Every structure is written in C-alpha cells, then in structure tokens.
Amino acid sequence: MASDMRHMRHLLALLLTCVCCFGGAPMKSGGKVLAWSEGRMSLQLSRTVHAEGMETGVAREETAASVHTAVMEAARQWNETGQARFSIEIALTDATKVQPGLNLVTFTDTAPFDSGQCDRKLYIACTVLFFSPESGEIQNVSIAFNPYLRHSSIGIKGTHDVGLVMMHELGHAAGLDHSPLLNSVMAASVELAGEGGGAEFAYRQLSSDDALTLAALYPLSEVGENPPGLIMGTIRRNEQPVTGANVIAMDALGRPVYCALSESDGSYRLLLPAGEYRLAAEPLDGPALAIQMVSPPASADPFPTIFWTAGGGQTKDADKITVSAGQTRAGIDFAVPDLPVVNAESIGLVQSGLYLGGQRVTVGRSREYMLGLTRTPPRGNPVVEFWQAPVVGDGLANFPNSAPQLVRQRIKVEADTQPGAYTVHYYADNTGSVLAGALRIVPSPELKMALDAATGMEAAAYTAGQLISLRGTDLARTTTPAQAWAEGSVRPNQLAGSSVRFGGRWAPLFAVTPAEIVVEVPAGLTGESAELRVVTGAGVESDALTIKLAQ
C-alpha cells in the first residue's frame with residue numbers, strides 16, 4: 001500500500017436470525033466522500049471459483065459459468081439504474097490472490113481471512129477500498145468471498161447467495177454505505193439459504209433507495225427533461241439540532257423511496273423524482289444502529305418516530321409534500337416532541353405458534369398471514385397499521401400474556417396489490433415506530449402446465465438443456481427477457497424477482513412474464529422425474545409440478 005494512500009475495509013456481517021441493516025449514504029473518511037473520479041470501475045473476475053482442497057467456498061455442484069453469470073447480473077443492475085453516471089466493467093482473469101493495484105473479485109483467496117484482516121467466522125465477503133486521503137478518490141478495490149463459508153448461485157441449501165452478496169459488495173466498491181431501509185440491497189447482513197432458497201429467498205433487486213444513493217454520488221451530467229426535485233429542512237429537539245436521524249421519503253402507499261441522515265446542524269437533503277411524498281424521521285436505535293455503519297454518524301438520543309406536518313410533526317399522520325422536477329422545497333422542518341419512546345425491533349410470521357423474526361418479511365398477494373413483530377418496551381395496547389396499502393388488518397393487534405414483547409396481527413393481502421416493499425407502523429401509548437420497507441409483497445404464483453417451448457406441446461420427457469414453457473398466473477411482476485453477458489454464457493436464474501426451482505437448485509431463465517416463464521432444464525438432475533416450483537419470494541411459491549426426465 002503506497003504511503004500516500006489509506007485503506008478502508010467494509011466487512012459484511014453474518015447473522016443467522018434477526019438481521020439488521022443500516023444508514024443509506026456515501027461512505028466518508030476525514031470528511032471526504034469516497035468515489036471513483038470518472039464514475040467508472042473496472043474489475044477482474046477470477047476464473048477459478050472452487051478453493052482447492054477445501055470443502056467450503058463455492059459449492060462443488062456449481063459451475064464457474066453459473067457463478068460468473070451471477071456476478072455479471074449483479075453488475076448489470078448497478079449499471080442500468082438509468083439515474084447515475086456510473087458503470088462497472090468486468091473481465092475474466094487467471095488471478096486468484098488479492099494484490100496491490102489489481103481490482104480483483106476472488107472466491108478462493110484465504111489470505112484476507114487468515115491474516116485477521118477479515119474475520120473468517122463472521123464475514124461472508126470482505127471489500128477493501130484504497131483511496132486518496134486528500135481527495136477521497138477511490139483508486140483500488142478488492143472483493144474477497146470468504147472461502148471458509150459456503151456460497152452458491154443456484155440456491156443450494158445452507159449457502160450464501162453469490163448474486164445478492166455481490167450486489168451488496170459492488171455497492172460498497174462504488175462508495176455506498178449501508179441503508180436503514182429494510183428492503184435495500186445495501187443491508188449489512190445476509191441469511192443462510194434454506195431449502196432451495198428457503199426462509200430468506202435471495203431477492204436480487206435494487207431498491208429505489210439503492211439507485212438514488214448511487215445517483216447522488218454520481219449525478220448525471222445531463223438530467224434531461226425531468227431533473228430531480230429537492231426536499232430539505234432540519235430536525236430539532238428543544239431547539240437543538242438532532243444529528244444522525246434517519247429521514248424517510250415514502251410514496252402515497254407507504255413504500256419507502258429514499259432516505260438521508262441528518263447532519264451535525266440537524267439539516268437533511270432528499271433528492272427525489274418529481275412526485276408526492278410523506279416524510280418520517282426516526283433515530284438509529286434499532287433495528288438500524290449508527291454504530292454498525294461503515295462511516296458511523298453521531299447517534300441521536302432515542303425519540304419516537306415522527307411524521308412531518310406543517311406544524312412540525314406528529315407521531316401518526318403526515319401531510320403530503322409535492323415536489324416538481326427541478327423544484328426545491330425548503331423549510332420542511334421537524335420538531336421532535338417529548339414523548340415516550342417505543343420501538344419495533346424485528347418482524348416475521350407466526351406459524352404454528354412459532355415466531356420467525358428478522359429484518360423483513362415476504363408475503364404473497366391474495367393470501368392471509370399472522371404477522372408478528374417484537375417491541376420495546378413490552379407494554380401498552382398495540383396497534384399495527386399500513387398507510388393506504390391494500391393490506392387489511394383482520395381484527396385487533398394482540399400479544400400473548402406469556403410474551404408481551406411479541407405483537408401479533410392477522411393480515412389479508414388484496415389480490416390487486418402492487419408488488420413492492422411497504423412500511424409497517426406500530427403504535428402504543430400514543431407514540432409509535434416504523435419498519436420502513438419491512439413488508440415485501442410479491443406475486444402469488446399458480447403453476448398450471450409445462451410445455452416444450454419449441455413445439456408448445458407437452459413432451460413425454462425432458463432432457464438437460466431443453467427449454468420448457470411454464471404456463472400459469474401471477475408468475476412474475478413484469479415481462480423481462482434474459483440478457484446473456486457473453487456468447488455461450490449461462491442465463492441468469494432470477495428475473496424480475498422470480499426463480500424456478502428444480503429439486504434443490506435454481507434453473508436458468510430465458511424470459512418471464514406474469515403468465516409464462518421460459519426455463520432451461522438444468523444439468524445434473526437425477527432420477528426419473530423432477531419437481532419444479534415457481535418462487536417469487538421467501539416462502540411464496542407455487543404448488544409443485546412434476547415432469548418426467550429422459551433416461
């Protein structure tokens with residue numbers, strides 16, 4: 001490392017139960033924002049993905065082509081936000097070891113984890129940035145997947161998803177810190193995959209907060225006809241500025257769009273697409289914590305979540321704020337009231353009397369669930385609400401006498417609900433808390449038939465590499481074709497948030513629509529038949545359809 005450069009290390013923490021994520025912003029050092037000067041990052045991707053002589057690392061059932069496709073797809077999403085002057089270029093290399101001057105992505109290098117630079121027991125991947133302390137210009141980056149843990153791009157049980165982890169690490173490599181929005185890719189932790197993707201389905205989609213944070217760091221040189229608008233103001237408590245508070249802009253349905261942290265003088269700025277918003281401000285007192293950010297801000301004393309109104313704010317309802325293209329809305333100030341603090345700390349589903357909690361929960365439209373969340377302090381009559389979202393609370397929120405910290409609310413998700421991440425509101429004793437982006441609503445796939453894609457007819461049996469047309473309803477959010485990153489490369493196994501599982505692995509996809517998915521029969525299947533399911537989110541999948549395999 002050259003003497004005129006410093007390094008900053010980000011470590012992606014592994015937490016297997018309640019997973020937290022933290023503050024959306026560019027990373028800083030010594031007051032300097034870290035960024036690539038030309039808005040362009042060139043990476044070398046190691047051809048070797050299996051660590052020799054090790055049972056851990058990338059699963060042996062994987063092909064290098066599948067892993068490389070997951071990495072390329074991750075880069076493609078950051079390249080195609082359409083809102084930032086930023087690009088990622090990736091080329092294959094024979095190099096496997098992290099070394100000065102080489103922007104390397106490696107799956108097999110044990111050195112960063114053996115040296116103690118990255119904790120081999122805790123970290124899924126380790127991104128190291130080298131930058132100029134004078135300017136903040138990023139000059140070198142390495143991304144090392146932990147070879148002592150298990151990784152997969154095809155959803156093998158007990159692994160970490162290569163595509164989702166790579167999307168997160170590329171965000172750090174670009175200069176992004178964590179985000180406190182619970183639907184963001186820039187969350188600090190990733191859970192292990194369960195059976196074929198399991199309880200924590202690897203949802204490989206950037207949020208609007210991810211894209212807008214990148215846009216703020218790398219603004220377009222020409223904004224066109226619809227430049228972003230600016231909402232700005234301050235947060236004060238007893239006339240004193242509140243530092244490190246999270247200000248969230250939500251759309252009319254309560255879906256978080258973007259967030260920003262207040263500065264030392266209590267000021268905040270939100271660059272947003274033209275539209276109508278409601279704003280909330282909350283401290284980083286859990287599940288988002290200031291201490292777990294890469295560039296941690298000063299932490300504000302806890303206060304109840306407040307919503308902006310023309311009178312300064314209140315704990316429940318918010319006034320609408322409309323911002324036009326290129327318009328600045330200044331003076332959108334919050335006044336924090338002196339009220340008791342309550343907090344919602346985790347969210348999950350209650351199934352068979354068991355609460356499965358984490359940082360977010362996925363539900364399918366047209367379905368019913370028992371939603372659960374944990375609260376502090378565990379007292380008061382709880383209320384759980386959703387702003388304008390087509391989610392209906394069935395009956396009153398309640399809690400078991402033996403566990404007053406657990407709040408339960410039965411919900412019904414309407415069939416016409418727009419897919420997306422919604423905010424959950426918790427109230428008790430006339431004060432409240434929000435879990436922004438914690439409720440992800442996805443299509444509820446119904447699979448009806450499998451046909452040979454070439455003939456449109458049912459085949460007697462199917463072979464590896466054959467294309468199948470799956471027909472049904474609510475199979476995907478949008479119509480999305482696959483893009484091959486190189487001639488002969490493997491197609492991605494997730495498009496528009498939908499995947500197809502053959503047995504215990506994801507299959508390559510050629511196109512998805514709400515009514516049809518064209519999928520390739522993966523290699524390596526054994527037996528006379530295979531079960532396949534369409535999966536759109538954690539725990540949201542179609543009934544199994546069985547096809548015969550050619551012998």
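Trainee: In this predicted model, which helix does Ser-66 lie in?

Mentor: Ser-66 has contacts beyond its neighbours within four places in sequence, and these are with Ser-153, Ile-154, Val-490 and Asn-493. As for its own place in the secondary structure, Ser-66 belongs to helix α1.

Trainee: Is Ser-66 buried or exposed?

Mentor: The cut-off for a buried residue is a relative accessible area under 20%. Because the relative accessibility of Ser-66 is 9%, Ser-66 counts as buried.

Trainee: Which element supplies the largest share of the lining of the largest pocket?

Mentor: The largest pocket holds about 900 Å³ of space and is lined by 41 residues, with Tyr-203, Gln-205, Leu-206, Ser-207 and Arg-477 lying nearest its centre. At least two lining residues come from each of α1 (64–79), α3 (162–174), α4 (208–217), β15 (256–261), β29 (420–428) and β30 (431–442). The largest share is 7 residues, and the element that supplies it is α1.

Trainee: How many charged residues are there in the lining of the largest pocket?

Mentor: Sorted by class, the lining has 16 nonpolar and 16 polar residues. The charged residues of this lining number 9.

Trainee: Which element supplies the largest share of the largest nonpolar core?

Mentor: The largest nonpolar core has 48 residues, of which Met-41, Trp-78, Phe-86, Phe-107, Leu-170 and Tyr-218 touch the most other members. Several elements, namely β4 (40–46), α1, β8 (123–131), β9 (138–145), α3 and α4, each supply at least two residues of this core. The largest share amounts to 8 residues, and it comes from α3.

Trainee: How many residues are there in the second, separate core?

Mentor: Tyr-218, one of the residues that touch the most other members of the largest core, is in contact with Ala-35, Trp-36, Gly-39, Gln-83, Ala-84, Arg-85, Phe-86 and Ala-174 once its neighbours within four places in sequence are left aside. The second core is separate and includes Leu-182, Phe-386, Ala-438 and Leu-439. The number of residues in this second core is 27.

Trainee: How many of the 10 residues of α4 are buried?

Mentor: The buried residues of α4 are Asp-209, Asp-210, Ala-211, Leu-212, Thr-213, Leu-214, Ala-215 and Leu-217, and they pack against β3 (32–33), α1, α3, β15 and β16. The helix is thus described as mostly covered, the number of buried residues being 8.

Trainee: How many residues apart are Glu-263 and Lys-28, which form a salt bridge?

Mentor: In this salt bridge the closest N and O atoms of Glu-263 and Lys-28 are 3.9 Å apart.

Trainee: Are the partners Arg-365 and Asp-474 buried or exposed?

Mentor: Arg-365 and Asp-474 form a salt bridge whose closest N and O atoms are 2.6 Å apart. The pair joins distant parts of the chain, 109 residues apart, with Arg-365 in the loop between β24 (361–364) and β25 (368–376) and Asp-474 in the loop between β32 (467–473) and β33 (480–481). Because the relative accessibility of Arg-365 is 13% and the relative accessible area of Asp-474 is 19%, each falls under the 20% cut-off, and both partners count as buried.

Trainee: Which residues do salt bridges that share partners join into one network?

Mentor: The count of salt bridges comes to 15, and among them is the pair of Arg-120 and Asp-114, which meet at 3.8 Å, N to O. The network built from shared partners joins Glu-73, Arg-76 and Glu-80.

Trainee: Which residues is Gly-527 in contact with, leaving aside its neighbours within four places in sequence?

Mentor: Gly-527 lies in the loop between β37 (516–520) and β38 (529–537), and with a relative accessible area of 43% it is partly exposed. The C-alpha atoms of Gly-527 and Gln-551 are separated by 8.2 Å, although the two residues are 24 apart along the chain. The contacts of Gly-527 are Leu-549 and Gln-551.

Definitions and conventions: Residues are numbered from 1 along each chain as its sequence is written. This is a predicted model: local features need pLDDT of at least 70, side-chain atom pairs count only at pLDDT 80 or more; totals for chains, interfaces and linings use all residues. Side-chain values use heavy atoms; hydrogens and water are left out. On a 1 Å grid over the protein atoms alone, a cavity is a set of points where a 1.4 Å probe fits but cannot get out, and a pocket is an open set with protein on both sides within 12 Å along at least five of seven lines; lining residues have an atom within 4 Å of a point. Grid points are joined across faces, edges and corners, and a volume is the space filled by probe spheres set on the points. Helices (H or I, at least four residues) and strands (E, at least two) are DSSP runs, numbered from the N terminus. Ala, Val, Leu, Ile, Met, Phe, Trp, Tyr, Cys and Pro count as nonpolar, Asp, Glu, Lys and Arg as charged, and the others, Gly among them, as polar. Buried means under 20% relative accessible area, exposed over 50%, partly exposed in between (1.4 Å probe, protein chains only). Contact means heavy atoms within 4.5 Å. A nonpolar core is a set of buried Ala, Val, Leu, Ile, Met, Phe, Trp, Tyr and Cys residues joined through side-chain atoms within 4.5 Å. A salt bridge is a side-chain nitrogen of Lys or Arg within 4 Å of a carboxyl oxygen of Asp or Glu.
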